[in-house]
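Reader: I would like to learn how to read a model of this kind, one feature at a time. Could you take me through it slowly?

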Amino acid sequence: MRALPWGARVYVGIIVVSAVAIVLIGPYTGIDLGTLVLIAVLFVVAESISTHVVVDVKEAGISPSSAVALAAVVLVGPVGAAVVGFSSCLAVRRQGPVKRAFNGAQFALAAYTAGHVYLLLGGTVGVPGQSDFPGIVLPYVAAVLTHTLLNSVLIGVLMWCLDVTRPTGPGPVRWRPLIVLEVASVGYQMLGLAIAAIWGAVGIIAPLLVLIPLFIARWVFGQQTAEARAHEATLATLCQAVETKDYYTRGHCMRVAEGSAMIAAELGMPAERVQKIRYAGMLHDIGKLGVPTKVLQKNGKLTDDEYAAIKLHPTRGYEIVREISFLDEALAGIRHHHERLDGRGYPMGLLGMEIPESARIISVADVFDCLTSTRSYRRAWSVEAAIAELRRCAGSQFDPRMVEALVRAVSREGWQTPDIAEPPGGRYCATEDPEPDGPSAPVPAPSDPERTVPVAESTSAGAVTGGQDR
Amino acid sequence: MTQKQPDSSVPAGPGSGGPEGGALSHQRSGEPLWRTPRPLRALLVGGVGAAALAALVFTAATGFADPFVALAFCLVIAGGELARITLPGHRESAPIALAGAIAYAFLPSLGGEPVQHTVWQVTAVVALGVALGELPHVAVGRSPRLEDVARRVLTALLLAAAFRPLVESLSLTGPSVVVALLMTALVAVAWVLDVAVSAVLRAERLRTRLRVAMRDETLAQVATGGAIASSGVLIALACTVTGLVGLLVFTAPLLVSQVAFRRHSEVRRTYLETVRALSRVTEVGGYVENGHSRRVSQLSHGIACELGLAEAELLELEYAALMHDIGQLSLREPIAGGATVLASPREQRRIAELGSAIIRETGVLDNVAEMVRRQCEPLAGDGDEGVPPLGSRIIKVANAFDDLVGENGDAERRAAVVERLRMDTASEYDPRVVDALASVLAR
């Protein structure tokens, strides 16, 4: 906590002072002291455990302990809840004093406000009896929503003061995961009501019963995150292993994955679908393994047979990965990433919008990465030249929507070009006729894109893909 | 953990006892139930089915006490059953249904009014709810694993049989510390019994050792069991105060837990599917014979079950077996026929090391990489590293067997190959593993 910005200091100061004021002023009439202490202790324990059990979960919004804070709203009212919230600064965890104080204070403020909302809507303080149900549910839900909202706002403002979250620019805001997160945390916090309901009868056992499933769920979430990471690492490694056949395509699959994901995100697809398309981009060339190495690395003109072997690779790739059931529609992206809008692609010669959306995305990302990386027969193009080329072929080979999405995303986030300058042995551009392309297309050998653009009208990008990325 | 298999019951022949997580061919047996190779499962399903039927008939004849309460719980159980999930290792679970069933078995009173349902009624309501919830699944061809359904009904039945008489004799009406502790103790006992039953079934299905199966099931069910049991007790206690509202409100958090469980098992399944699919790149690349990796993995799984490996080790072994030839990708051209057992020892070792390097690159599969690296070492190990891990020895045997037999060897050829492997048990192959192979093949 060294060198807090000035604005953040003032903000933290205001929050902490107002929380302390609330706690000091009271009033404490009508609050059972035993209950208050017990809940506060419980809250501290829950907070401590949750930081220890949950090491790094993205879903930081769900905290089991807030169920306890909301139980306090019902059992001991706004002021009591504020005391309980403030006690979280005593939790056992590694944290600087300023951060601690802020955390406690923001919990206190959120709980205090939630408590007043609860009272305002007709909730009563104290152990709810049988006559209070179901009338108590509505004010309680309102309190939950207030608590969650205020929590996020208070922390959000601090982050803004600290300049941690710079506005992420014009990228589409992803509401769906946020909503899912909020619904889940509201679901958790309903348990606060359960704690309150049976508090009178079974006391301390109530929160135990409630917190066990919550911590289990948190633990499972953590496990799942770790496993998802392992999955991703394995997938990436295996893809790269397949690429080792060709020095020049190193890293190609990862970059195509990134590019496809950028396009998909730019088009506003839900996060889950973006992820699928990312994986499909990673796996798009896996079928190349079925193509003999000598064909892939051949430097001269390809015979018809060799070209036919290359044309098989999308289908081969599809056959390999089709059992990965979660990819579902993204599988089509692997199968059809060499289709062209004008119907002259392979393997099926689909026309226009018959080509699955994921395939149109991957095809653009694929060609873009090919153009911007070095091959055995030419140097890498600049990003601008590659974009110009993609735009020229939009409509005939690519879906213009995807091309424009890529352009927007790249201009915002930049593009990581591979750092292969000179291969071992300095082989590139050694052959005079570098481009072994498909049967018909003549090939530009463009280290200088201006020269290429006029060369071939419809085939140049075809040449580009057909050649570099056969 | 696999695709929806209509029935994962009967292993259909040698080697298809299949990796647990595996989408391997579990075939539906054409035989009648009384000639099943899994008599214990049949006993459980038959017994619970008969009890449920008897309870239904009896309750229908005598009439339902508190019919609206019964209906509410029945619907919640049906909903939970409809939303059932498959946990890692083929385990079907319906947390909400089971928590609802536990709550109904325990419910001492509802919003202050005493309730008077009997053990029979609890069984009938739970069975009815479960059946209702499974109907849509069956209609679309996703039949449940009958033994798992039976276990859920059995748990409710046992809890009700233990608790319902106490409600009357001790006249328990509201929530109290004693009641809460009593419920907790009972539900803990029920959990242990349930784990024992599922361990017996698992040992029967995989032909592994009961002790190992017991440990596996305990580990696998500690999280779900804890969540379900505490939610069940909580709902029962809370409903005494809140009435039926509590039933709805307090199942919501369990729904969140269920989402967590489901996503976790989805990631697990995807991981396995990915490795399984990508292990085929060596086949498509022409490096090994078609289906080789998968057959080696199935065979290794059978052997490992026979030798009593724990579930976590089985999973690692399956990954290692699937990827054992991945090092061939680094070869410029395939080995003729792909049979590594025929390659020179130096070549074999290089492939193993290249493969292990690839796997180690992931940063998360170090044990798997180690198994792959040492898969071709002789029994005593190479150099001073000592005996290779059991997983490596299993893969070595399974790989050699599959290379020598090929895709469709007949029984005679299999026997001959096993004999050949047995001759090498002094230096090359682990005799225990070869024996296990022989008994897997004998099934």
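Reader: Which residues touch the most other members in the largest nonpolar core?

Author: Please keep in mind that this is a predicted model. A nonpolar core is a set of buried nonpolar residues joined through C-beta atoms within 7 Å. In this structure the largest such core has 138 residues, and those that touch the most other members are A:Ile39, A:Ala72, A:Ala82, A:Ala108, A:Ala111, B:Ile102 and B:Val153. Helix α3 (residues 65–86) of chain A gives the largest share of this core, with 16 residues. A second, separate core has 109 residues, and it includes A:Val256, B:Tyr319, B:Leu354 and B:Ile358.

Reader: What does B:Val153 touch, not counting residues up to four places away in sequence?

Author: With those residues set aside, B:Val153 touches B:Val48, B:Ala52, B:Val126, B:Ala127 and B:Val130.

Reader: How many residues of chain A are in contact with chain B, and which elements of chain A give two or more residues to that side?

Author: Contacts are counted residue by residue, and here 51 residues of chain A are in contact with 59 residues of chain B. On the chain A side, the elements that give two or more residues are α6 (175–189), α7 (191–202), α8 (205–243) and α13 (313–321), and the largest share, 23 residues, comes from α8(A). Sorted by class, this side of chain A has 36 nonpolar, 12 polar and 3 charged residues.

Reader: Why is α7(A) said to be largely enclosed by the rest of the structure?

Author: A residue is called buried if 20 or more other C-beta atoms lie within 10 Å of its own. In α7(A), 10 of the 12 residues are buried, and therefore this helix is largely enclosed by the rest of the structure. Among the buried residues of α7(A) are A:Leu191, A:Ile195 and A:Trp199. The length can be checked as well, because 12 residues at 1.5 Å a residue should span 16 Å, and the end C-alpha atoms of α7(A) are 15 Å apart, which agrees. After α7(A) comes A:Gly203, which has a positive phi, near 55 degrees.

Reader: What does the length check give for helix α5 of chain A?

Author: Helix α5 (residues 137–162) of chain A has 26 residues and reaches 38 Å from its first C-alpha to its last, close to the 38 Å expected. Its buried residues include A:Tyr140, A:His147 and A:Asn151.

Reader: Is B:Val179 buried or exposed, and where is its place?

Author: B:Val179 counts as buried because it has 25 C-beta neighbours inside 10 Å, and its place is in helix α6 (residues 177–206) of chain B. Leaving aside neighbours within four places in sequence, B:Val179 is in contact with B:Pro108 and B:Leu172.

Reader: Which residues of chain B does UniProt list for "transmembrane region"?

Author: The unreviewed UniProt entry lists residues 42–62, 118–137, 149–167, 179–201 and 222–255 of chain B under that name. A listed range can then be compared with the model: residues 179–201 of chain B are 100% helix, with end C-alpha atoms 33 Å apart, whereas residues 222–255 of chain B are 97% helix, with end C-alpha atoms 18 Å apart.

Reader: How is chain B divided into domains, and how many residues of domain 1 are in contact with domain 2?

Author: Chain B is divided into domain 1 (33–270) and domain 2 (279–442), and the C-alpha centres of these two domains of chain B lie 42 Å apart. In chain B, 9 residues of domain 1 are in contact with 5 residues of domain 2, and helix α7 (residues 210–242) of chain B gives the most to the domain 1 side, with 4 residues.

Key: Residues are numbered from 1 along each chain as its sequence is written. Chains are lettered from A and ligands numbered from 1 in the order in which they are written. This is a predicted model: local features need pLDDT of at least 70, side-chain atom pairs count only at pLDDT 80 or more; totals for chains, interfaces and linings use all residues. Two residues are in contact if their C-beta atoms, placed from the backbone, lie within 7 Å. Ala, Val, Leu, Ile, Met, Phe, Trp, Tyr, Cys and Pro count as nonpolar, Asp, Glu, Lys and Arg as charged, and the others, Gly among them, as polar. The expected span of a helix is 1.5 Å times one less than its number of residues. UniProt positions are given in the numbering used here, feature names are shortened, and annotations may be inferred rather than shown by experiment. Domain bounds come from an automatic or database domain assignment.
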